[in-house]
Amino acid sequence: MWVIDPVLIILAAPYSHASLVCAMLGQHPEMYALPDTHLFLADDIEGVLSAHVKIDNGIGDGLLRLLAQIHDGVQSDDAIQAAKKWLYEHGDWTARQLLDYVHEKLRPKILVDSSWSTVVNAENFERMRRTYPDANYLHLVSHPRHAADAFYENRSSKKSLLKLFDGDLDGELVWYKPNDLISEFALSLPEGQCMRLMVEDLLANPENYLLQIAQWMDLSTNGESISAMLYPDKMPFATYGPDSAPGGLETEFLEEPTIPVEIGVATLADSSPHSTCDFSKQALKLGKEYGYR
Amino acid sequence: MLNIEQFVRIGKDGIGNERSKNAQSMTYFNGFLYLGVTHHNGEGPMDCARILRYRPKNEVWEEVYKSPLVEMDAKAKASHIYAVGRHSQNAEKTVYDKAPLYRGYRGMTAFKGKSDNTPALYVGTISHWGAQILRSEDGINFEPVSEPGLGNPEILSFRNLVEFDGKLFATHAGSVSGDVLDRNFSETTTVYVSDDPASGEWQEAMIPCFGDKNNSAIFGMSVFNNYLYAGTGNPERGFQIWKTAASGLPPFEWELVLKDGAYRYNLNEIAISMAVFKGKLYIGTGIPGLGYDKTHDVGPAAAELIRLNANNSWDLIVGSPRFTPDGLKVPFAAMGPGFDDFNNSVFWSMGVHKDSLYIGTNNVTPWKLAMQGAQHMEGGSQFWATDDGENWEPVTMDGFGNHFAIGIRTMVSSPEGFFVGTSNHQEVEKLWHKRARKNGKPGIGGLEIWLGNNLEKSDANK
């Protein structure tokens, strides 16, 4: 519908199942799901690589695995090394140049990106906005209680978050700040360029919502295309990569790359085992606007 | 459809009282247009609400009823719930010892009940001591035919009076408790029904709040496809639409047709206006206040237009595209919320005249510009029209040339033409003059009534 840039960018606060949804959408025959590339961490690839080293914690794995896959068709340690070398040789490229290059290799498929670093830092977000003014944006939301609990329960991903997140970080802010930023951004766009989706709705009734996403993107809506998206585990990055780049997507997805049978039900009034504080007024307001109880 | 050139103003400056800001209810009865005017507050005798009538043939307005006065008390001075304690007493303000029993009339219809020899005019009042229903057989003499609030004196007003299946249905709106007033919401919500309103006998037609305590009011109500439809206001989840065949004894069985503000959640807080047009029910949404409900911290957002089909399916006509359990919804009019104007906070009124559907908005642009002290004033209520429900054209974008006519509150189709009543807020102009340091005096203010028909303007003025 609004596809001018051949990219669908999933904008989602951490712990919103963005990797899973990205992988699902990537199984549509006209789309290709990228692992987390984190390409908006800097203005050029050299800067991105520096940020990867600085943040560490495997944040560069996704980009390496992507290049290994499209260059060599495999994600071996050798292919990862070659990808790393290639990246350093193209250090002056912008994110746009690199993604155009990737797109050229995968044409005519639309690329789907869900890198979480884009939404936790205003500078990265602005860079994404400048790079892809005409992309389709999917604002994926999850219940703030789930996000808060996941934040407290997942120590490994928290390390990277702490290095990138603007300002203080806690179980509420990890949900509220990115979503507030995305909502403001959505308001600035033409109606329909950014569409919001509750991940709980999608996972509870995937055929219905995947069909709608395909309609919105003006993609094929035949049964085969929609059914294909029910198998995120077929994504080439749906398992851990080689030792030199094992990550690249959310750990929860790499551990269990399928659509969960059941999703827990939470309410805004639920107490948390991790925090004695209730949600703030602003978080409750945003949660209700998204349709959460 | 009518265009701006086909409208003439037949009433202005509050028609005899500039404090009469709001043309809140109208109906055509026995060859007259009847108008119930509403005052923003009931500060003294000058705020006695009036019922006026107008005979198009001789172009004369006539006052047929005026609210009685009662002793001033705390309820008369009740503050809106979000403003309690914020306003200091103005030492220069005159304090009156009498207040109007009715400071407005929120609903009006002709209906023939069991005790009525002929159709009588029934009017829902706004009263801080419990709203009442007035009745007039001849259109001149009005008598209350209900106890205050139908037994609940905290009921501020009766908004809808709708005939269906030989019965009259009434919805209440707002509440007054002690010295606190809420213009729109109350703790309990019901629809009342009577087949003999002259007798004062009413029954509850639904279970309270439709079983959801967040349904804090019924806003829109309409008859469509042999059902009575009611639209709620729900600050938590967004409006709900219910329908009933009203068969058997009350409370009747109601079916939930649409919920969660058509999946825009509380940004579609209320379903306020309804009209049946070419076999479909059109529903206008909004957020009370200036597009931001301070009491419940909802919004800001602009209004949407939803179209309901007889089989309970629905279309988005004006609004935000979205994913829903009922499929992808993209606005048929290819217009975003508020007819692409963020400041159209409510699609406040809706009416059908001849083969066209009309929507009147509440537009908050003048408020915002006045607050900012902007040098140039813009906006005012908008009036949109369509012949097919999907292609909309503006009739006026600036309150018929008056920026401070911020809302179009009511409209009535009649053999004499299409009557449109405004809500004018001259305090906005006063604020603007002050903040923008404007020379000259603000205008007088008060509601306006416009009459549109397909005659040439010169003919209409004859």
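Colleague: Which elements do the buried residues of H14(A) pack against?

Modeller: This is a predicted model, where local features need pLDDT of at least 70, side-chain atom pairs count only at pLDDT 80 or more, and totals for chains, interfaces and linings use all residues. Residues are numbered from 1 along each chain as written, chains are lettered from A and ligands numbered from 1 in written order, and side-chain values use heavy atoms, without hydrogens and water. Helices (H or I, at least four residues) and strands (E, at least two) are DSSP runs, numbered from the N terminus. With contact meaning heavy atoms within 4.5 Å, the partners in chain A are strand E4 (136-141), helix H9 (173-188) and strand E5 (194-198).

Colleague: Which residues of helix H4 of chain A are buried?

Modeller: Buried means under 20% relative accessible area, exposed over 50%, partly exposed in between (1.4 Å probe, protein chains only). On the other side of H4(A), Asp78(A), Lys85(A) and Tyr88(A) are exposed. The buried residues are Ala79(A), Ile80(A), Ala83(A), Trp86(A) and Leu87(A).

Colleague: Within what arc do the buried residues of H4(A) fall?

Modeller: The arc is taken from the directions from the helix axis to the C-beta atoms. Seen down the axis, these residues line one face of the helix, because they fall within an arc of 120 degrees.

Colleague: How far apart in space are Gly264(A) and His143(A)?

Modeller: Gly264(A) sits in the loop between helix H13 (251-255) and H14 of chain A. In sequence, Gly264(A) and His143(A) are 121 residues apart. C-alpha to C-alpha, their separation is 10.0 Å.
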